[in-house]
Amino acid sequence: MRSLLIATFILALIPMQSFAHSWMKLRIATTEYAPYTSTAMQHEGYINHIIADAFLETGVVVEFVSLPWEEALEATLKGEYDAVSYGNFVRSRESEFFHSNPISAESLVFYVNAEKGPDSWSDLSDMQDLKMGVTEGYLYNDELAAFIKDNKNVVERETDKANLEALINGDIDVFPIDELSGWYLLQRDFNSGDRRDVMPIKPFISTVTTHLLVPKGQGDSQLILSLFNKGLEELTLEGKLTRFKRLLKEGYYQHPQRKVNFDRR
C-alpha cells in the first residue's frame, strides 16, 4: 500500500511529456519474438517501441536485454531485471507477476498442413487425433494448455520456425501460433512453395491481450507498473498506438535487408 501511495504521489508531480533528462532507468528482459520484440529490428521491435515510449512519457528510460524466454522470467523474478517484455495474459502467472494494462490484442490461430490438416475446427476435441506441435517454454491460454498437457500427440520443439518446418514437412499436422508471427516467419524464412503447404484455419483459438510483466514482491514493482500504465494511457490518447501498429504493417520495424511488408490489403 505504501509503495502504491508513493507511486500515485510521483505520478501527480510528473508532467505528461517526454523528458530530455530521465529520473529513472530500468532494465527490461526481452526475447526474440519478431516482429514484436527483436534486437535485429528498429526500436527492438514493435512492442518494445511502445514500452520504451510509454515509460519515456513519465521520464523513465529503458534498456532492453535479450534472453531466452525462460531465462528472462527466472532472472526477473530474482530481481536482475525490472520487468519482462512481453507476455500474453495468463492467469496462472498472476501469482508471480503483475500484468500491465493491455498493450495490444493479438489472435492465436491454428496453422495446419494444407494436405493433412482440417479446413476448420469447432472444438479442441477435433484436434485429438492430429499431431500438434508446440513451442518449448510457451504458456498458452488455460484451455489449450490443459489440452496440450493431456494429449499424447503433442510434440515440443525449441522454436516457432522449427514447428513451421515440421508442419511443411508433414511431421506435424497442426501448430498454434500468433497469426501475425506465423505469417511473418513464413514470409521471412520460407519460399513460396513452402508457404503453399501451410495455412491458418478459422475460427481463432482466442484473442489474447499482451502485457508488460512486472515481478511481484519487489520494492519498486507498484511504482514501475503505475508509471508504465500512465505512459501507455498517454500514448493511447495521443493516437501513437494506432500509429505504431500502422508502422508495423508497413514494415518499418524490420531490418532493411530482410524487410517484410505486412500490409496485405
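Modeller: Happy to! The crossing of α2 and α9 is right-handed. This is a predicted model, so please read everything here as computed. Two packed helices are described by the angle between their axes and the distance between those axes. Here, helix α2 covers residues 46-56 and helix α9 covers residues 240-249. Their axes come within 10 Å and cross at roughly 155°. Because angles over 145 degrees count as roughly antiparallel, α2 is roughly antiparallel to α9.

Now look at the side of each helix that takes part. From α2, the contact is made by Y46, H49, I50 and D53, while α9 brings L241, F244, K245 and L248.

Next, the open space. Rolling a probe the size of a water molecule over the atoms shows where empty space is left. The largest pocket holds about 1,100 Å³. Its lining has 46 residues, and T31, E32, Y33, Y138 and D160 lie nearest the centre of the pocket. Several elements give two or more residues to this lining, among them the helices α3 (69-77) and α5 (160-169) and the strands β3 (83-88) and β9 (198-215). Helix α6 provides the largest share, with five residues.

Definitions and conventions: Residues are numbered from 1 along each chain as its sequence is written. This is a predicted model: local features need pLDDT of at least 70, side-chain atom pairs count only at pLDDT 80 or more; totals for chains, interfaces and linings use all residues. Side-chain values use heavy atoms; hydrogens and water are left out. Axes are lines fitted to C-alpha atoms, for helices over the stretch in contact, and angles run from 0 to 180 degrees between N-to-C directions. Helices (H or I, at least four residues) and strands (E, at least two) are DSSP runs, numbered from the N terminus. Angles under 35 degrees count as roughly parallel, over 145 as roughly antiparallel, 65 to 115 as roughly perpendicular and the rest as oblique. A crossing is left-handed if the near helix is turned anticlockwise from the far one by less than a right angle, and right-handed if clockwise. Contact means heavy atoms within 4.5 Å. On a 1 Å grid over the protein atoms alone, a cavity is a set of points where a 1.4 Å probe fits but cannot get out, and a pocket is an open set with protein on both sides within 12 Å along at least five of seven lines; lining residues have an atom within 4 Å of a point. Grid points are joined across faces, edges and corners, and a volume is the space filled by probe spheres set on the points.
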